[in-house]
Amino acid sequence: MRKPLPQVTQNTWEFLRDPMIAPTGFREYDARWKYPDEINLPGMTALGLGLGTQMQRRGIPPVIAVGNDYRDYSLSIKNALMVGLMQAGIQVKDIGPALSPMAYFSQFHLDVPAVAMVTASHNPNGWTGVKMGFDRPLTHGPDEMAELRDIVLEGQGETRSGGGYEFVDGVQEAYMQDLVGDFKMTRKLKVVCATGNGTASAFGPELFRRLGVEVIESHNALDYTFPHYNPNPEAMEMLHDMAASVKASGADFALGFDGDGDRCGVVDDEGEEIFADKVGVIMARDLAKIYPNATFVADVKSTGLFASDPELQKHGVKADYWKTGHSHMKRRVKQIGALAGFEKSGHYFLAEPIGRGYDCGMRVAVEICKLMDRNPDMKMSDLRRALPKTYATPTMSPYAADTEKYDILERIVTKLAAMAQNGGTLGGRAIKDVVTVNGARVILDNGGWGLVRASSNTPNLVVVCESPESEVELRAIFADIDAVIRTEPGVGDYDQTF
């Protein structure tokens, strides 16, 4: 009979010896903990042993590529994880410091069946985690994460012989060559490259130079203290800074990348922040001319334009709205053979023949530059203005404890569904439908909508609203959906408003 993990607390003898792992760190599609509050180094070794055991049980060849982001503690955490993987009989190929998409690329480049990337993504310093997957380009979803959680927390990890370690050099250069190929810009472009001093600082400026783009550097020195802001291109703080850089430099646009480089944010030549779902529509319009009748997946936080835009309809585009989350979106794109997937948070999933289906902020940067090259007379602001006008909030995240947020969400969804059934309204508009594939997306009779769901990565709910009519209606939709949310006393303040 195997024993579950012991109860360990910080500042004890056991903390240096025995695993400590908070169960809440096993999330829908990756693992994230505050370090060392919720996980210690022995806990990371136990996670590696569990992940290796999961591979062995599934009959996956025992080889894995492992990388880490640039945070000061990520190397120690990766080393602890690799010890556990080797204990499980896994051959570890250490690719060194990396972006998450570089780690995903390494699965193809090294032809290995599994990947584990140590990163807290866009979470602030003090967080750590692992993004992992077996079936390239996919990463763990809820089923795989639940299986891994049970193996680890119930002490089911099995040691085996045959484990080993190899440091593999050259993956970063191969990744950069794969992104650029032999493409060179034919029009002049000046682009602000914003990395917030995160891991993408070692990639972004060089990528643009290889493309033949003039680079305006913005916080591109590697600095794991993040002295200016946390690198998160969905946060208004970073977007506003990008806008200021565009205006000061006269750049054609700005591209910003998050802490592990799998997301990309855009600010146009007029300093206007274009939310990633609208950038997705711009890209989909361009790609639909090359690949008519394509299918595009959008997450439930994204604009309704994927379904309603006349230009996309003209080219026979099919829109598929799906669950938010990089693993959910990657899986859906592959499952239905979509050309691309777009997520409001800035994850883009470009499938063959454009990309390999995983989320890569650097690939998006390349494709945006190619888009601009195909449209030499257009500015980014022209492409923005060409879209049908809608009014949308940023992604807003009121606090809700990890242990309570799903129960809170379930009650909110029930209340919103009841409103729809009883002829209720949001923002003065009749409710046409409530889509509950991921939280509740309340769709109104004019195509406006409001969404509430639970964050998979942090102790928060997520709220997004959109109106095709006006800023006034947008605020009314938000006020009404917020009123329902405020019936739950466990919901706290928003991280940002609009």
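Start by selecting asparagine 197, which lies in the loop between strand 7 (190-194) and helix 6. Helices here are DSSP runs of H or I with at least four residues, strands are runs of E with at least two, and both are numbered from the N terminus. Is asparagine 197 buried or exposed? Its relative accessibility is 4%, so asparagine 197 counts as buried. Buried means under 20% relative accessible area, exposed means over 50%, and partly exposed is in between, with a 1.4 Å probe and protein chains only. Asparagine 197 also has a positive phi of about 65 degrees, although it is not a glycine. Most residues other than glycine have a negative phi, and most peptide bonds are trans.

Before you move on, a note on the model: it is predicted, local features need pLDDT of at least 70, side-chain atom pairs count only at pLDDT 80 or more, and totals for chains, interfaces and linings use all residues. Residues are numbered from 1 along each chain as its sequence is written, and side-chain values use heavy atoms, with hydrogens and water left out.

Next, select asparagine 11, in the segment before strand 1. Asparagine 11 has a positive phi of about 60 degrees and is not a glycine. At 80% relative accessibility, asparagine 11 counts as exposed.

Now look for two cis peptide bonds. One joins tyrosine 35 and proline 36, with omega about 5 degrees; proline 36 lies in the loop between strand 1 (31-34) and helix 1. Another runs from arginine 136 to proline 137, with omega near 5 degrees, and proline 137 is in the loop between strand 5 (127-133) and helix 4.

Select helix 1 (residues 41-57) and helix 4 (residues 142-153), which pack at an angle of about 120 degrees with their axes 9 Å apart. That angle makes helix 1 oblique to helix 4. Axes are lines fitted to C-alpha atoms, for helices over the stretch in contact, and angles run from 0 to 180 degrees between N-to-C directions. Angles under 35 degrees count as roughly parallel, over 145 as roughly antiparallel, 65 to 115 as roughly perpendicular, and the rest as oblique.

Which residues of helix 1 and helix 4 make the contact? Show Ala46, Leu47, Gly50, Leu51, Thr53, Gln54 and Arg57 of helix 1, with Glu144, Glu147, Leu148, Ile151 and Val152 of helix 4. Contact means heavy atoms within 4.5 Å.

Stay in helix 1 and select threonine 53. Threonine 53 is buried, with a relative accessible area of 2%. Not counting residues up to four places away in sequence, threonine 53 touches Ala88, Ile151, Gln156, Gly157 and Glu158. A polar atom of the threonine 53 side chain lies 2.9 Å from the backbone nitrogen of glutamate 158.

For the last stop, select aspartate 252, in the loop between helix 7 (236-249) and strand 9 (253-257). At 25% relative accessibility, aspartate 252 counts as partly exposed. Aspartate 252 and lysine 188 are 64 residues apart in sequence, and 9.3 Å apart in space from C-alpha to C-alpha. Leaving aside neighbours within four places in sequence, the contacts of aspartate 252 include Lys188, Lys190 and Met380. Finally, find the backbone nitrogen of lysine 190, which lies 2.6 Å from a polar atom of the aspartate 252 side chain.

How values were computed. A polar contact is a pair of N or O atoms within 3.5 Å; within protein, one must be able to donate a hydrogen and the other to accept it, and residues adjacent in sequence count only if both atoms are side-chain atoms.
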